[in-house]
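Me: I am new to this structure and would like to know what stands behind the words used for it. Please start with the pocket.

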Amino acid sequence: MSEVKSVPTDYGRSRLTARTRWRAARRGKRDGRVGIGPEHYARQLERALRMALEDLRSRFVTRNAAHIDRVHAESARIVTEYDHRREDVPAALARFGGWVSQWRTEVTACQQRGLALAACADQELAHYEAAYTRARHRAEARARRRAQRAAERRADARGEPRPEPPEPLEPPEPDTAGAVMAAPDQIWTGAPDWMLDEALVRRALHILEQRIGPAAAAAGRGERGTR
């Protein structure tokens, strides 16, 4: 059984490539023809997506290590100035707010990329399921025809009336395959506060909220100062 290999190299920013659509449809047709349940493909796809998201986050954190180190270092300075020396350093606080805001903006962009990968995985599963459902419908129709012909041959050999043909199969519904993928976890759908959970950073953010207000601390870039 081949593994799903399309995450994330065959994905566009928020859509599938033609190659991925073709491969998913081919796999769905094959699985539907031989009777392999669609849950197997969904599990493979979910595992590949999870690995892709982990790799995306790891590369993002590595690439932006200097930025988050700067945020952490400035957090220590803010806490020292306000909690220990009892000094007001608005320029340093504004600079810290700007770096935190920039970090959150970059994290948000990374989260959006991760959610786009998840959307592509959902699209791929939908293509697979559509092909799977059609193939299963055709396979069941062929099996019913074979069974009918065999019953007719037995009736003819015994000199009995031929059996009535079965009712035709209903057209397949798009969602009859029923495989479901888990949604991305909170790290991709929650607040863009990656790496901001250390005690010093939380305390510095609290000081920032006290000085400029929660909304501004969460969204404002702040003014870059010199102290």
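**The largest pocket**

Reply: The largest pocket is lined by Glu46, Leu49, Arg50, Leu53, Glu54, Arg57, Ala182, Ala183, Pro184, Asp185, Ile187 and Trp188. The elements that give two or more residues to this lining are α2 (38-63) and α5 (186-189). The model is a predicted one.

Me: What makes these residues count as lining the largest pocket?

Reply: A lining residue has an atom within 4 Å of a point of the pocket. Glu46 and Trp188 are among the residues that line the largest pocket, so each has such an atom.

Me: Which element gives the most to the lining of the largest pocket?

Reply: That is α2, with 6 residues. The space in the pocket is about 230 Å³.

Me: How do you know how many residues of the lining are nonpolar, polar or charged?

Reply: Leu, Ala, Pro, Ile and Trp count as nonpolar, and Glu, Arg and Asp as charged. The lining therefore divides into 7 nonpolar and 5 charged residues, with no polar ones.

**The chain**

Me: What makes a residue of the chain buried, and what percentage of the residues are?

Reply: Buried means under 20% relative accessible area. Of the 227 residues in the chain, 39% are buried.

Conventions:
Residues numbered from 1 in each chain as written. Predicted model: local features only at pLDDT ≥ 70, side-chain atom pairs only at ≥ 80, totals over all residues. Heavy atoms only, no water. Buried < 20%, exposed > 50% of the residue type's maximum accessible area, 1.4 Å probe, protein only. 1 Å grid on protein atoms, 1.4 Å probe; cavity = no way out; pocket = protein on both sides within 12 Å on 5 of 7 lines; lining within 4 Å. Points joined across faces, edges and corners; volume = space filled by probe spheres on them. Helix = DSSP H or I, 4+ residues; strand = E, 2+ residues; numbered from the N terminus.
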